[in-house]
Amino acid sequence: MSRALLEASVNRSGLVDFTVSIPTVAMWERDQKCEAVISDAMRWANQVTGHSSGACLFGDIEELLPYRTFDPSWTYSRKLQATLQCAGTSPWGHCTFHAQTCSTGKVSSMDVSGLPCPDMSLAGKRRKRAGSTNGVYCARGKYVTQHKVPIVITECTPELDMGLMEDTHPEHHMFQMFAEPGDVGFAATARRRTWVIGMHQDRSTIRQDPYELLESVKGLFANDPTTVQDYLVASRAEVLLEASQLAQKRRIPFQADCLDLTYLLTQREKETAAALNARFQEQFGRNAELEPALVYHLGDSATFGSWSAVSGRIPTYRVGAKSSVYWLPHYKRFLTAKEKLISMGWPSVPEIASSMHVPLFGASDPRRAGDLLGNAMHMQICGLMQLLALVSFSPNL
Ligand SMILES: [Zn+2]
C-alpha cells in the first residue's frame, strides 16, 4: 500500500520526467487470517495506482526452501550452513490469489519485508539468531540472494540481530537506519523501528547517502508535531459501535446512551487505570482525568507504566493490540480501531484520504481495521524508506 502511495505521489508531483510504475509481483504471509486484509489492501493499491499488478500471495516463506533443508531443532549455524549449501528455492508454490500453483521466480527489483521480531524485541526472550524464527531469515535471504534482488528492505524492532541479517543475505551490503513516526510528523505515536536497506553487491550502485537523506527528511517535520488529541476523530456513533462490540465480547450488558465506558473494563483493567491515575497525580501533581492527551495501554500492568505521560506518545501497538485497551482517562473511553489506524498513517477518515489523494481504507469495519494493527508498518515511514532506497541506489542493468 505504501508503495502504491509512493508511486502515485511521485507521478502526481511532476518532479520526474518519467512515469513511475512499481507493481507488486509476489507476497508471502504465513498467517491465513491475514488473507482478507491483504486482498483488501491490494484492491486499494490498484485503485491508487490505476493498474492491477496480478500479484501472487504465497504462504509460509520457509516452504520456499527445499523439503527438509533443515530440521527446526538444529542450531542456527547448522541451519545457516544447510541453507547456504542447498540447491535453491522452490520454483513453484501454492498461490491463494490465483487458487493454483504459481511460479515463485518473479522478477523483482525491490523486496520489502517485515521479518519476525519476537526473537529480537525487548518484549520477547531476545534469543536473536538462536530463536525459532531464524528459518524465516534463512529463507528470505536465500530467495533474494538467488534472484539477486537489487534492493532489499527489512523492517524489524531496533534490536534486530544484524549478524543474522548479514549471514543470511551474503550478497547484500546493509545500511541500517532507525526511524519513528515522529520523523514524518506523527509525533504522538511510539513505534521506533529499524529499517535496513540491502544493496546487492553486483546489481546496485550507491548514488546518494541514504543516512543524509533521512536526516534531511526528519528536519522537515521537526517543528510541527502532532498530539494524541489530533488522532481523536471518532464520532459518538463510532465510539458506541465499538463499545457495543466489546460489551458483546465481554458479555456485559451494553448501555446505549452511556459514553463513559468504564463499565466495560475488566476488574484488572480498572485497577490498572486507577493505579496509573494515582501515579500520574504523584509524579506530575495533576489530575490525570483532566489531561486530554493522556493514553494508557491497559494490556500492561501499572508497574510497567505503558502510558503517554512522559513521551506524549501512544504506547507502541503490539501483536495483541487488536484486543487490548488503549484507555483515555479524560474521555473515559478507549481509542477506536480507526483512531489507531490514523496514528499509524492510514487514510481512514475522508479528510486524510483526500489530502493523500487516495480512497479511504479500513474505515468501514472496526474489527477488520483492528486486524491491521500490531504487525503493521507505519504507512508513511514504509513509503519513505522505499523512496530513500530508490533515490540512493540505482540498478546495474
Ligand atoms: Zn499466483
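Strands β10, β11 and β12, in that order, make up an open sheet of 3 strands with antiparallel pairing; strands here are DSSP runs (E) of at least two residues and helices DSSP runs (H or I) of at least four, both numbered from the N terminus, and two strands pair if DSSP finds at least two bridges between them. β10 (296-297) and β12 (333-334) lie at the edges with a single partner strand each, so one side of each is left without a neighbour in the sheet. The antiparallel pairing of β10 with β11 (residues 326-328) extends over 2 bridges, and Tyr296 has Trp327 of β11 as its bridge partner.

The model is predicted: local features need pLDDT of at least 70 and side-chain atom pairs count only at pLDDT 80 or more, whereas totals for chains, interfaces and linings use all residues. Residues are numbered from 1 along each chain as its sequence is written.

A further antiparallel pair is formed by β3 (residues 92-95) and β4 (residues 100-103), which are joined by 4 bridges. In this pair, Trp92 stands opposite Ser103 of β4. The two strands, β3 and β4, form a hairpin with 4 residues between them, and Ala99 in the turn has a positive phi of about 50°.

The protein chain is assigned domain 1 (2-226 + 375-395) and domain 2 (235-335), with bounds that come from an automatic or database domain assignment. The centres of domain 1 and domain 2, taken over C-alpha atoms, are separated by 34 Å.

Helix packing was examined for two pairs. The axes of α1 (residues 2-13) and α12 (residues 379-392) come within 8 Å and cross at roughly 60°; axes are lines fitted to C-alpha atoms, for helices over the stretch in contact, and angles run from 0 to 180 degrees between N-to-C directions. α1 and α12 are therefore oblique to each other (angles under 35 degrees count as roughly parallel, over 145 as roughly antiparallel, 65 to 115 as roughly perpendicular and the rest as oblique). Ser2, Arg3, Leu5 and Leu6 of α1 make the contact with Met379, Cys382, Gly383, Gln386 and Leu387 of α12, contact requiring C-beta atoms, placed from the backbone, to lie within 7 Å.

In the second pair, α3 (residues 76-85) packs against α4 (residues 134-146) at an angle of about 20°, with the axes 10 Å apart. α3 and α4 are therefore roughly parallel to each other. Tyr76, Lys79, Leu80 and Thr83 of α3 meet Asn134, Gly135, Cys138 and Lys142 of α4.

Definitions and conventions
Contact = placed C-beta atoms within 7 Å.
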